[in-house]
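This report concerns the packing of a pair of helices and the surroundings of selected charged residues. The sequence and structure are shown first.

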Amino acid sequence: MDWAGFGVDLHLELDASGGRRAGLERALRAAIRDGRLPPSTRLPATRALAAELGLARGTVSAAYDQLVAEGWLVARVGSGTEVSPLRQAGPPAATPPPGPAAPRYDLRPGSPDVGAFPVTAWLRATRRALAVAPASAYGYGDPRGRAELRAALAGYLGRARGVLADPERIVVTSGYVQALVLLTTVLADAGAPTVAMEDPGLPFHREVVRRQGGRVLPLPVDEGGARTDLLGSGALAEVAAVVVTPAHQYPTGVTLRPDRRHALTGWARDAAALLVEDDYDGEFRYDRQPVGAVQGMAPEQVAYVGTAAKTLGPALRLAWLVLPARLVEPVVEAKRHLDVQTEVVGQLALADLITSHGYDRQVRTVRRRYRQRRDLLLDRLAGLTPVGGVAAGLHATVALPPGGPTEAEVLAAAAARGLALTGLDAHRHRPGAGPPGLVVGYATPPAHRYPAALDELATVLRTVSIPP
């Protein structure tokens, strides 16, 4: 409608789908926000505007009152109603800068095949769980997490991973990163902690520890896993905690040797230090039974961290800590002050999925798929370059021999073909301090695109003339 004769020339489009008053409020807000009604502009009297727009005077008065209450308008006795002088036109919508083009094929590590998420089983588990959940489940609850999930996890971890898990010592977290934040926070409360982390390892996790006040030192990794013989001496003499991935070291893919497991737990007892066991993909071993968790050997020295990110999907944001007795209350308090509790519906659904054995079926299903993917990777790269790491997990390392193309050259050649890869050097505490290589995630591509992704990888390796 044309609005003229009131000191301003304005066209208002009234959308009355939610009611005439709400439509007028929206139209006036929009006119003020985009500058068509400048600050201090006097508005027509309610009677005049009602006649112009064909509305009841009470409708216009109610709209004015609402906008006055919200601060968009100012009502002055004897002077009528004006646009608030503090209201300024909003800035024009920013045009986001163009992001990098999505790769045609993604062989970066860190994510499962999210297309394998068990949608039907998850829906059934959610329905069953919500059908019997008490009303109190939808309120604030125990920062440790729902009792149903902690009990289910205690049983599952005991039989599947060899973890000594009392439900009272389990804290459900919003992903692995939050678990690492909680542990570092508790260590920091006792003084600035020095934390040893595997080298190479995930750089993001190192930054998480640093942002919580921790000092990070490298713990070298070789073909036998973390170098436990270096703990307690030199730069590592004052370490308060060690973060390790013993079942399947990330990213080298090796398993911590039995003698080093004993050395690690022995050192932790003697030094009164904490071992943080990141069991991110421990269920996925393909050539033998999965290696059990270190936590079972020393439950009072190890904070065990597991996650549903690789078995189900990272979007669930569900992980769990199994803690030494001395850390339960400090971690619970840290959790309470961080986010109060982890969301509940997913916890209830996961508890049902575990107790109904749907989780075991999912693990068996995706373990078979990932084994086939790893076998296909080995087949496609046979004769091109060695593939490192034990037959486990969702990634493998690909060696780049000294004197050949650099990691940067290989990554650039891959990117030119629409293939996303990750270099091993990016995982080192000091880039350039070790031999070059690639970390290939074979779980990420959808099943129908995985063979083509491997073809591109093989083509890249041939193009850069890597000798066998």
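## Helix packing and buried charged residues

In this predicted model, helix 11 passes helix 13 in a right-handed crossing. Helix 11 spans residues 358-381 and helix 13 spans residues 450-463; their axes lie 10 Å apart, at an angle of about 30 degrees. Because angles under 35 degrees count as roughly parallel, helix 11 is described as roughly parallel to helix 13.

On the side of helix 11, the contact is formed by R373, R374, L376, L377, R380 and L381. Their counterparts in helix 13 are Y450, P451, L454, D455, L457, A458 and L461. By class, the residues of this contact comprise nine nonpolar and four charged, with no polar ones.

R373, located in helix 11, is one of the residues that meet helix 13. Its side chain comes to 3.0 Å from the backbone oxygen of Y442. Beyond residues up to four places away in sequence, R373 touches D113, Y442, A443, T444, P445, P446, A447 and Y450.

A further residue, D352, belongs to helix 10, which covers residues 344-355. Apart from neighbours within four places in sequence, D352 contacts A125, R128 and A129.

| Residue | Relative accessible area | Class |
|---|---|---|
| R373 | 7% | buried |
| D352 | 16% | buried |

Since buried means under 20% relative accessible area, R373 at 7% is assigned to that class, and D352 at 16% is likewise counted as buried.

Key
Residues numbered from 1 in each chain as written. Predicted model: local features only at pLDDT ≥ 70, side-chain atom pairs only at ≥ 80, totals over all residues. Heavy atoms only, no water. Axes fitted to C-alpha atoms, helices over the stretch in contact; angles between N-to-C directions. Helix = DSSP H or I, 4+ residues; strand = E, 2+ residues; numbered from the N terminus. Parallel < 35°, antiparallel > 145°, perpendicular 65-115°, else oblique. Left-handed = near helix turned anticlockwise from the far one by under 90°. Contact = heavy atoms within 4.5 Å. Nonpolar A, V, L, I, M, F, W, Y, C, P; charged D, E, K, R; others polar. Buried < 20%, exposed > 50% of the residue type's maximum accessible area, 1.4 Å probe, protein only. Polar contact = N/O pair within 3.5 Å; in protein donor to acceptor, adjacent residues only side chain to side chain.
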